[in-house]
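These entries record what I looked up in the structure shown below.

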Amino acid sequence: MDMYDTGFRDITNIDISPVAIKKMIDINARTRPDMKFLQMDATSMTFGDESFSVALDKGTLDALFVDDTDDTKATVERYFKEILRTMRNGGRYVGISLLQEHIVNYLSEFLPKNNCMLRIVHCLDVERANKEKNTDDSLSLPVFVVIATKFKNLPMPILEFGLGNDKMQRFNSTMDLINAVKSVQKAALVCNGLARSSIAGHNEVTLDLYRATEETPRYTLHIMDQPPARGVGKYAAFIVPQGREIEWLFATPAGRRKLQASAKYQRLAVVTLHRDQVYSTLDEVKSELASSISNLAPAGLTEQIPYLSLGSEVGKRETLISGFSKISGDFRIEEVEADGKTLRRLIFLSNQFVVQSEALVKTVKIKGKKNRKKIDFGYLACHHHLYMSVGVQLATSLQSPKKDVQKDVLVIGLGGGGLCSFLHSALPQTRITAVEIDPIMLEIAEQYFELKQDNRFHVVIDDGLAFVERCRNEDLHFDAVLFDVDSKDLSLGMSCPPKSFLAHEILLHIKEIIGPKGLFMLNLVCRDETLRAEAVANLQQVFSAVCCYKLDEDINEVVYCANDDKYKTVEQWKKQMGNAGRGLNCAIREQKLANEDTLDVADFLSELKIE
């Protein structure tokens, strides 16, 4: 009727029910005299071939296609054959459907085979209207428009999908089209569940948001609930600026819970922005997210949803280089701005929410010349590096305080070279050998993190375990040995070091290499308590003294191992580590790497523990 009133006068309506036809004739006889109403079976129409340009289906398909039985499929096939028979070349079938799985599977196979271009559009406006009408907690199912355009001959399938008014996405396979529909339906199930109930006390829900034409996510949303309380708002969204997503507060479930408690909202949607995407302004991001954030609101919410962030800017991220390593896969070198600082980062895309290496970039002003960027070697982005450096200070200074005698340090795992460059700058009494299996990492460290080799520092490209075995066989000794190596298998509960680095034979080699007075340190990253206990037990079987420091609000743990009996008690460890910590602070100031203490010695000592 709306179409007739708009100006489309040549409209023929059919229905199998004579009662429905009589009713519609009575309603429209005066006001719409040219509109036709005929009682007819849609699977056996009496119209001649190519009678119509458009066939509108307002629910017949879903009414016919109630199940996936052969009889039902035969009925649906007769229905579509009649539609295509009575449709002119270039004509269109336009149907409204919920697209249950068996329906979309059938359409995506039948229509292309019968020379029809198939387009499916998700009707966001219809869903919003339904949501506004139904203020109770009734389900809101996604509604789709199916558009099939008839051609005489279609040499290849043309399959398209669209979200509302967004640009159409063209697919090469029917499975891609089906998956696009399924993803909308799955998202609707999540939104319905979140609207109808709270997930307080349960794990957060995570969703990736894509642009219709892109295969990589543009946003990731983490939704969490907490019980209602006085002074706590109902719902808000928190947008994490670019470059800040790797911080503990935003990158971990525990951190996001703390953020929610601080923000004081029953439901909080934490939004992170992805690299390789362009974001102009915070207001533009809010506008893009508005519909999705609204769909995740609890039922009955009427007030405006507040958007929170760390400031008024969306953040800045610049990719300096995109590369590939045969060992680590795709990587990025990027610069981000955070808290007024410029940070240069190495990111492995296989684990892109973890920073592999990070350096503080300073701008050096040179009179009469262009400003130059310089790496600040006094900045340790990875906090565990600071506590490993305390162990190096202990092994190289306190054990033999003679300043004119250089002490040898072995570091397995170079990365961007931040730890090695710091040790080289802060502790001039050290002679550092770094072993890195990936030659690409050495190139990155030299070109982008200003690593420089000299007579006190050199890098060996080799397998770390093979190098350790060779040192033992050739009777080479080091005052300190550090393992800072990550596992490439992200499915394991222990991501650092790889399990092979804690094999009994390797640990025996390390014991010989450091001798009775040396120190062995490793960065232990383990989410599985059983694996962690096993790792510590392996160390205790080999070394007479093992001490651990767990970083606050982090999964990193530094484990110190020694062969010296004077480290038997935690009090002995604390005494030696306290002296080493104060010595490290002095060394850093003497080398003009910092003006204040870098290490809080008291806090450090309070968390030292013997297993």
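This is a predicted model: local features need pLDDT of at least 70, side-chain atom pairs count only at pLDDT 80 or more; totals for chains, interfaces and linings use all residues.

**Helix α14**

Residues are numbered from 1 along each chain as its sequence is written, and side-chain values use heavy atoms, with hydrogens and water left out.

Helices (H or I, at least four residues) and strands (E, at least two) are DSSP runs, numbered from the N terminus. At the N-terminal end of α14 I found a cap: a side-chain oxygen of D463 lies 3.0 Å from the backbone nitrogen of L465.

I then listed the buried residues (under 20% relative accessible area, 1.4 Å probe, protein chains only). In α14, residues 464-473, these are G464, L465, F467, V468 and C471. Seen down the helix axis, they fall within an arc of 160 degrees, so they line one face of α14; the arc is that of the directions from the axis to the C-beta atoms. Among the elements covering them I noted β19 (407-412), β20 (430-436), β21 (457-461), β22 (480-483) and α15 (504-514), with contact meaning heavy atoms within 4.5 Å.

**Aromatic pairs**

I counted rings of Phe, Tyr and Trp (its six-membered ring) as paired if their centres lie within 6.5 Å; planes under 30 degrees apart are stacked, over 60 edge-to-face, and the rest tilted. The count comes to 16 aromatic pairs. The rings of F65 and Y106 have centres 5.4 Å apart and planes at 85 degrees, so this pair is edge-to-face. F65 lies in the loop between α3 (60-64) and α4 (70-85) and Y106 in α5 (101-113), so the pair ties together parts 41 residues apart in sequence. Both F65 and Y106 are buried.

I next examined Y549 and F604, also an edge-to-face pair, at 5.0 Å centre to centre and 65 degrees between the planes. Y549 is in β25 (545-550) and F604 in α18 (601-606), so parts 55 residues apart in sequence are tied together.

**Nonpolar cores**

Here a core is a set of buried Ala, Val, Leu, Ile, Met, Phe, Trp, Tyr and Cys residues joined through side-chain atoms within 4.5 Å. In the largest, of 48 residues, I found that L482, Y560, W573, M577 and F604 touch the most other members. Helix α11 (383-398) gives the largest share of this core, seven residues. Apart from it I noted another core of 34 residues, including L111, I120, A148 and I178.

Methods:
Buried means under 20% relative accessible area, exposed over 50%, partly exposed in between (1.4 Å probe, protein chains only). A polar contact is a pair of N or O atoms within 3.5 Å; within protein, one must be able to donate a hydrogen and the other to accept it, and residues adjacent in sequence count only if both atoms are side-chain atoms.
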